[in-house]
Amino acid sequence: MKIRYVLPVMLAFTSFANAVELHQVIVRKGTDGLDMVPLTISNAGNEGLSCNADFAHWYSAGIATVEPGKSARLELWFDPKTGTFTILNDKRENLPVERLWCGLSGRAYATRAQITLDRIDAAKGERAVSCVMEQDSLVCR
């Protein structure tokens, strides 16, 4: 009678134990082998901007606020071997950028406009965008 209850419970926990594998993640630090590609974001509109970076599907962070008529300059780093743009955190760890976007302060996500990055920007050694409201949406080009 006890086997009827104990065996299914044991089998259930066995499958969960095998499903989880922990792997050491090596975080790249510093800028060796990377090219600096500064990004300048200019606010040509009448409202403040909040700019953000998505580093993983579960993690994003604010990277700049830009008041009307002002600009912000960000240090981006490009890995020519992988085609990856990164931002360094305070520990100089490389945070690979999945997406950059800006939106109006206070409602940034609802009004966001994506800022594209590609190998052409890296080859030029810089990227500059100007953001402004056009009709009912923010545009950064």
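The following exercises, with worked solutions, concern a predicted model.

**Exercise 1.** Determine which strands lie at the edges of the open sheet of 4 strands.

*Solution.* Begin with the strand order, which is β1-β6-β7-β8, with antiparallel pairing. Next, consider how each end strand pairs: β1 (35–36) and β8 (94–96) each pair on one side only. The edge strands are therefore β1 and β8.

**Exercise 2.** Describe how β7 pairs with β8, and identify the bridge partner of Leu88.

*Solution.* Strand β7 covers residues 84–88. Its pairing with β8 is antiparallel and extends over 3 bridges. Within β8, Asn94 is the bridge partner of Leu88. In general, strands of a sheet pair through backbone hydrogen bonds.

**Exercise 3.** Describe the hairpin of β11 and β12, and state which residue takes a positive phi.

*Solution.* First, locate the strands: β11 spans residues 127–134 and β12 spans residues 137–140. They pair in the antiparallel sense over 4 bridges. Glu134 stands opposite Ser137 in β12. Finally, turn to the link: 2 residues lie between the strands, and Gln135 takes a positive phi near 55°.

**Exercise 4.** Identify which residues of the largest nonpolar core touch the most other members, and trace the contacts of Ile115.

*Solution.* The core has 26 residues, of which Ile41, Ile115 and Leu138 touch the most other members. Strand β3 (residues 49–56) gives the most to this core, with 4 residues. For Ile115, set aside the neighbours within four places in sequence; the contacts are then Leu39, Ile41, Leu100, Trp101, Cys102, Val129 and Cys140. In soluble globular proteins, nonpolar side chains tend to be buried together.

Notes
Residues are numbered from 1 along each chain as its sequence is written. This is a predicted model: local features need pLDDT of at least 70, side-chain atom pairs count only at pLDDT 80 or more; totals for chains, interfaces and linings use all residues. Side-chain values use heavy atoms; hydrogens and water are left out. A nonpolar core is a set of buried Ala, Val, Leu, Ile, Met, Phe, Trp, Tyr and Cys residues joined through side-chain atoms within 4.5 Å. Buried means under 20% relative accessible area, exposed over 50%, partly exposed in between (1.4 Å probe, protein chains only). Contact means heavy atoms within 4.5 Å.
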